[in-house]
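Keep the 3D view open as you read.

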Amino acid sequence: MRRVVCPGSFDPVTNGHLDIISRASRLYDEVVVAVLINKSKKSLFTVDERVDMIAEVTREYGNVKVDKFYGLTVDYCKQQDIPVIVRGLRAVSDYEYELQMAQMNHRIAGVETLFMATNPLYAFLSSSLMKEVVKFGGDISGLVPDSVHQRLIERLQRED
Ligand code: PNS
């Protein structure tokens, strides 16, 4: 069975992430979306909330599993016996850091990285921008799934 890991912070998942996940799900038998447990980064949603949100919006794909991990992505890949990571590239500015990570991941563990060009409709999206726009009352409908939009509004309104 051909499997791929799609790692990330997903705080929260956007339609840009979903575009990559759904396209990967058509190329591979199974996509494992792996949410990083990052104790040093302040997040809006807990890891479990992020896992639940992704599971809800990827259920329809049928071959997407959602998990969380701590530590190196390549160690997670080894534990799961998955040799490939998929990452979306939104713009040239993403490329430098992504290339470095891909090369390091290959060097230390032989794990390959597949880069997928983001759909231009979503190339300007980031989870941070979504949070900022919602916090100040902007409309992000169509840029994140409706359920995620709702949770962003609830969480950011409660925080104020
Ligand atoms: O959604 P993000 O924040 O762009 O995802 C970045 C992520 C989680 C893929 C990256 O930071 C990562 O793999 N972190 C786990 C630790 C690790 O393996 N670092 C890279 C070493 S080359």
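**Around the ligand**

In this predicted model, an N or O atom in the side chain of R87 lies 3.0 Å from an oxygen atom of the ligand. Of the ligand's 550 Å² of accessible area on its own, the protein covers 74%. Two more side chains are worth a look here. S9 places a polar side-chain atom 2.6 Å from an oxygen atom of the ligand, and T73 also has a polar side-chain atom 2.6 Å from a ligand oxygen.

Now widen the view to the whole shell. The residues surrounding the ligand are P7, G8, S9, L36, G71, L72, T73, R87, M101, M104 and N105. Sorted by class, this shell holds five nonpolar, five polar and one charged residues.

Where does the ligand sit? Its place is the largest pocket. Two elements, β1 (3-8) and α4 (92-109), each give two or more residues to the shell around the ligand. The largest share, three residues, is supplied by α4.

Next, zoom out to the fold. The protein chain is built from six helices and five strands. If you trace the chain from the N terminus, the elements follow the order β-α-β-α-β-α-β-α-β-α-α.

Finally, consider the overall dimensions. The C-alpha trace spans about 45 × 30 × 30 Å along its principal axes. How does the radius of gyration fit a compact globule? For 160 residues, such a globule would have a value near 15 Å, and the protein chain has 15 Å, so the two agree.

Definitions and conventions:
Residues numbered from 1 in each chain as written. Predicted model: local features only at pLDDT ≥ 70, side-chain atom pairs only at ≥ 80, totals over all residues. Heavy atoms only, no water. Near = heavy atom within 4 Å. Polar contact = N/O pair within 3.5 Å; in protein donor to acceptor, adjacent residues only side chain to side chain. Areas by Shrake-Rupley, 256 points an atom, 1.4 Å probe, with all protein chains shown as cover. 1 Å grid on protein atoms, 1.4 Å probe; cavity = no way out; pocket = protein on both sides within 12 Å on 5 of 7 lines; lining within 4 Å. Sits in = over half its atoms within 2 Å of the grid points. Helix = DSSP H or I, 4+ residues; strand = E, 2+ residues; numbered from the N terminus. Nonpolar A, V, L, I, M, F, W, Y, C, P; charged D, E, K, R; others polar. Rg over C-alpha atoms; globule rule 2.2 N^0.38 Å.
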